[in-house]
Amino acid sequence: MSFTVNLRNVTLKYGAEAALADVDLDLEAGKIYGLLGRNGAGKTSLLSLLAAFRRPTSGEVRVGGEPVWENAPIVSRVALIREGGDFDDSETVKAVIETGQIRPSFDTDYAYKLADKFEVPLKKRVSALSRGKRSVLAAVCGLAARAELTMFDEVHLGMDAPTRDAFYKELLAEYMERPHTVVLSTHLIDEVANYLEEVIIVDRGRILRHADIEAFQGMGATLTGPADAVDALGLAALAEQRLGGTKSITVADALDKSVRERAAAAGIEIGPVGLQDLFIHLTDPNRNGA
Amino acid sequence: MFDDGTPIYRQIADQIKAEIMNGSLEPGGKVMSTNQYAAFYQINPATAQKAFRELVDEGVLYKQRGVGMFVADDARDRLAADFRDRFFERVLAPLVREARQAGIPLTDIIDYLKAQEGALQ
């Protein structure tokens, strides 16, 4: 049974400053979500609310249909894995894994199997682990939690590329074996894009966009060609560059067929915009609205 | 594996179609499952599912509940006309455009194609 998530008019303030302002968000059960946002946009605050690490200043946070705050039966089946893993540094890896058993669904055998696979030595103290191994241990605990809502907040930090790749593979395998709701918060956007079903972009404490991945992938385009011809198309550009007589613009909208035909006839090259570039343009602080 | 211009589910659907056309998937043959595709390409299973749904809607594949997905008996016929249209749209139209930009007369291209055909025989 995977968990749904519903936020209604949620505001979270630290002192006078609002980390999240009047957020509405609905996540369906059993999908993999990507949570994207610049540093300080409110990603970690949002995840902290879902895990009941924090209580909203106002508004309602529901997980699995129930208010999540001080709701032990729900919270015990929600896992938020943060960078560094929130471990007691003096403990051994083995003790950390055993601590995981406070969750009813924690799979100890699976945790040991993963620790072996990712070469995290059980006898070592957490304080003696490299940053990368520490992140791996956090990821191992997140996977083995077998939670109904599992959230990884920048958990890849310090992992090298082969380890990240192995982690994503394991995450996907675990997800297919046992459907549950997953939220991946990351700055390595293009690296995880293929694993996602939906993408949420948080910007300055608000939900800027929430759509399925295909909508994002079909959203933008770059058009490069003779400057006059590009201008003649009259498209609203997110960004533009000029090199001599050549002009390149990035647009956020999908291009319809007539624009594509006119562009092709005028010798304009149309290219895709990767999710990461689209994200950069959409969250540009010099851009008003979205 | 994938270019990022076209949605991945469409690229997978196109690839399955190509496999049907070149005979590596036979009519009546079973297609790998959504999860097998997802694991093979390392993509979200919902993405693979979208590809299958599109192919079922087009009558290229059919679903047998609890058993899996199979290639429709007439899939190749259905796809043949489609491939021809797409060949003109995706291959020949840009070719004509680029030739014009480069100042290459179409008669030169026709001569080249005829020579190729001769070489193939």
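Is helix α1 of chain A, residues 43-50, largely enclosed by the rest of the structure or exposed, and why?

Reply: The model is a predicted one, and what follows should be read with that in mind. Helix α1 of chain A, residues 43-50, is largely enclosed by the rest of the structure, because eight of its eight residues are buried. A residue is placed in that class when 20 or more other C-beta atoms lie within 10 Å of its own. In α1(A) the buried residues include the leucines Leu46(A), Leu47(A), Leu49(A) and Leu50(A). Lys43(A), Thr44(A), Ser45(A) and Ser48(A) are buried as well. After α1(A) comes Ala52(A), which has a positive phi, near 60 degrees.

The chain around this helix may be described next. Chain A contains eleven helices and 14 strands. Of its 290 residues, 41% count as buried. Its C-alpha trace spans about 65 × 40 × 35 Å along the principal axes. Among the contacts in chain A with a separation of 6 or more, 69% are accounted for by residues 24 or more positions apart. The domain assignment divides chain A into domain 1 (5-216) and domain 2 (220-272). Taken over C-alpha atoms, the centres of domain 1 and domain 2 of chain A are separated by 39 Å.

Chain A also touches chain B. To this contact chain A gives 17 residues and chain B gives 14 residues. On the side of chain B that touches chain A, α2 (34-41), α3 (45-57) and α4 (75-102) of chain B each supply at least two residues. The largest share of that side comes from α2(B), with three residues. By class, the residues of the side of chain B that touches chain A are seven nonpolar, five polar and two charged.

Two of these helices of chain B also pack against each other. Two packed helices are described by the angle between their axes and the distance between the axes. For α2(B) and α3(B), the angle is about 125 degrees and the axes are 8 Å apart. At that angle, α2(B) is therefore oblique to α3(B). The crossing in which α2(B) passes α3(B) is right-handed. From α2(B), the contact is made by Thr34(B), Asn35(B), Tyr37(B) and Ala38(B). From α3(B), the contact is made by Pro45(B), Ala48(B), Gln49(B) and Phe52(B). Sorted by class, the contact of α2(B) with α3(B) has five nonpolar and three polar residues, and no charged residues.

Methods. Residues are numbered from 1 along each chain as its sequence is written. Chains are lettered from A and ligands numbered from 1 in the order in which they are written. This is a predicted model: local features need pLDDT of at least 70, side-chain atom pairs count only at pLDDT 80 or more; totals for chains, interfaces and linings use all residues. A residue is buried if 20 or more other C-beta atoms lie within 10 Å of its own, exposed if 12 or fewer, and partly exposed in between; C-beta atoms are placed from the backbone. Helices (H or I, at least four residues) and strands (E, at least two) are DSSP runs, numbered from the N terminus. Domain bounds come from an automatic or database domain assignment. Two residues are in contact if their C-beta atoms, placed from the backbone, lie within 7 Å. Ala, Val, Leu, Ile, Met, Phe, Trp, Tyr, Cys and Pro count as nonpolar, Asp, Glu, Lys and Arg as charged, and the others, Gly among them, as polar. Axes are lines fitted to C-alpha atoms, for helices over the stretch in contact, and angles run from 0 to 180 degrees between N-to-C directions. Angles under 35 degrees count as roughly parallel, over 145 as roughly antiparallel, 65 to 115 as roughly perpendicular and the rest as oblique. A crossing is left-handed if the near helix is turned anticlockwise from the far one by less than a right angle, and right-handed if clockwise.
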